[in-house]
Amino acid sequence: MNHFPQAWGRPRDDVYGSYDHSHFQTNGPNQHTQSPIVTGTSVVAAKFKDGVVIAADNLASYGSLARFTDVKRLRKFNDQVVVGFGGDVSDMQYLDRLLLSLDIRENYSSTENPLNAKNLHTYLAKVMYKRRSDFNPLWNHLLIAGLDGEDKPFLASADLLGTTFSSPTLATGFGGHLAQPILRKLLPDEASVERVSEEQAVEVVKECMKVLFYRDARSMDKYSIAVIKKDGVELKEDEKLENQSWAFAERIRGYGTQTA
Amino acid sequence: MASVFTGAPPQGGPGYSFKQTPTVALSGERQHSFYPYTDNGGSTLGISGADFTILAGDTRSTHGYNINTRYAPKLFKIGGEGPENKGSRIVLSVVGFAADGDALKERLDTIVKMYKYQHGKSITVAACAQRLSHILYNKRFFPYYVHAILGGIDEDGKGALYSYDPVGSYEREQCRAAGAAASLIMPFLDNQVNLKNQYEPGSGTGHDLQAKLAQPLPRKDVEDLVRDAFTSAVERHIEVGDGLQMMIITKDGIEETFTPLKKD
């Protein structure tokens, strides 16, 4: 038995020869994320009169390669909040572990006031801002959906720079260009939230997912959708886009071999 | 027994410690593709009067050509009681990089609240203004990328207004516009508040011209001036719009108003 814990789990010198440490360089500087590698595209979300709907597709792209097709980008937190992740998937997985440890800590300490969406947004925004200030950003754009301290619908965003904002409808990435205009037609301001039902909100969010699938090359027709209300979260992770209409494709002229 | 591996750390390296520090200087320059700032657009404006100060800002938050939200306040009450800042008499407005603005606001708010716990009295605007300058200057080499304007009532009961650059240079002024449309609003303010390029009619020509003297404006006039400044800025600047938030600080407290602006 070797008595140096540092050497445990390493190949034995008498069997394999001494380890060539140049294979595992530890004496360079720590590398920070300088650009995202495996990425998720848009997350879209909308408030309605007694909750929030949020959706994201299940694709993780490696550049233009559709690399992982079953990646869940909506994360439930203590049955009251859903966090949607756009951007780097490994940073999403790091945040997932961070939220897991936070949840465990919270469950041990206090049971009366569980963290609500507003609390979680503040927490995540500070994590993001701290990391950008250390020049070591988490390459994500997060949407946090749930209810605030007064059980009112809450929807806010935090990005890799630590920028935060809240709006009746939010969308990250490509969704900011394609989904937001559709969502804002239904929900132009905070006052309109009261007039929108769950069915309307779900419908418009699904419509947005469809438009994004039509026009965002890094998207997929399999997606996750969550509805957060006072009585809990309903999260569906294996939805398929319905009623797609490719009729418009017939009328497109001028691409590829089509010349006239 | 056969020779087992030594378990000693490799030569020339820092060893098996958990926290590794670089021992070799890196050759060449490393490129950073991460830029820690962004511009969230919007504009703010402050005018002080004889016994009041008005701060105003639009509520649009942008990212490039996208609108993040139509309601993101740039005006924050500082000090007072609790998270709602009850009884506060100081307002901070920040425009530029919103994440830095929020961080700055939280730092100043905490400091002003701690001041009251420690000294048993509310901080004066002059002291608060200097403290804000120090906070900004402390981050001189990684600045809060914001143009701050601080407003309140001074110890003589007069309206007080301080404006800052991102690294803490500050001065007390009668009026100041900051942010995206500052270059559109400021000349208007120079002319209408400080009466620049306005002369007494019939006072002569050339060097005989008598400049009109600026005097503190009544509150109603200032509010109208602010609204005019913003409705005009909305027409000419794409990052300004959606809503106008105003805070009027008097000895009796802070009044807050909201006026819709064009959303296009």
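Student: Is B:C175 buried or exposed in this predicted model?
Tutor: The relative accessible area of B:C175 is 3%. Buried means under 20% relative accessible area, so B:C175 counts as buried.

Student: Is B:C128 buried or exposed, and how many disulfides does the structure hold?
Tutor: B:C128 has 1% relative accessibility and therefore counts as buried. A disulfide requires a pair of cysteine sulfur atoms within 2.5 Å. Over all chains, the number of disulfides is zero.

Student: How are α3(B) and α4(B) oriented to each other?
Tutor: Helix α3 of chain B spans residues 182-192 and helix α4 of chain B spans residues 219-236; their axes come within 10 Å and cross at roughly 150 degrees. Angles over 145 degrees count as roughly antiparallel. The two helices, α3(B) and α4(B), are therefore roughly antiparallel.

Student: How many charged residues are in the contact of α3(B) with α4(B)?
Tutor: From α3(B), the residues B:L184, B:I185, B:F188 and B:Q192 meet B:L225, B:D228, B:A229, B:A233 and B:R236 in α4(B). Of the residues in this contact, six are nonpolar, one is polar, and the number of charged residues is two.

Student: How is α3(A) oriented to α1(B)?
Tutor: Helix α3 of chain A (residues 117-133) packs on helix α1 of chain B (residues 98-119) at an angle of about 105 degrees, with the axes 11 Å apart. Because angles of 65 to 115 degrees count as roughly perpendicular, α3(A) is described relative to α1(B) as roughly perpendicular.

Student: Which residues in α1(B) meet α3(A)?
Tutor: The α3(A) side of the contact consists of A:K126, A:Y129 and A:R132. Across both helices, the contact divides into three nonpolar, no polar and four charged residues. The residues in α1(B) are B:A99, B:D100, B:A103 and B:E106.

Definitions and conventions. Residues numbered from 1 in each chain as written. Chains lettered and ligands numbered in written order. Predicted model: local features only at pLDDT ≥ 70, side-chain atom pairs only at ≥ 80, totals over all residues. Heavy atoms only, no water. Axes fitted to C-alpha atoms, helices over the stretch in contact; angles between N-to-C directions. Helix = DSSP H or I, 4+ residues; strand = E, 2+ residues; numbered from the N terminus. Parallel < 35°, antiparallel > 145°, perpendicular 65-115°, else oblique. Contact = heavy atoms within 4.5 Å. Nonpolar A, V, L, I, M, F, W, Y, C, P; charged D, E, K, R; others polar. Buried < 20%, exposed > 50% of the residue type's maximum accessible area, 1.4 Å probe, protein only.
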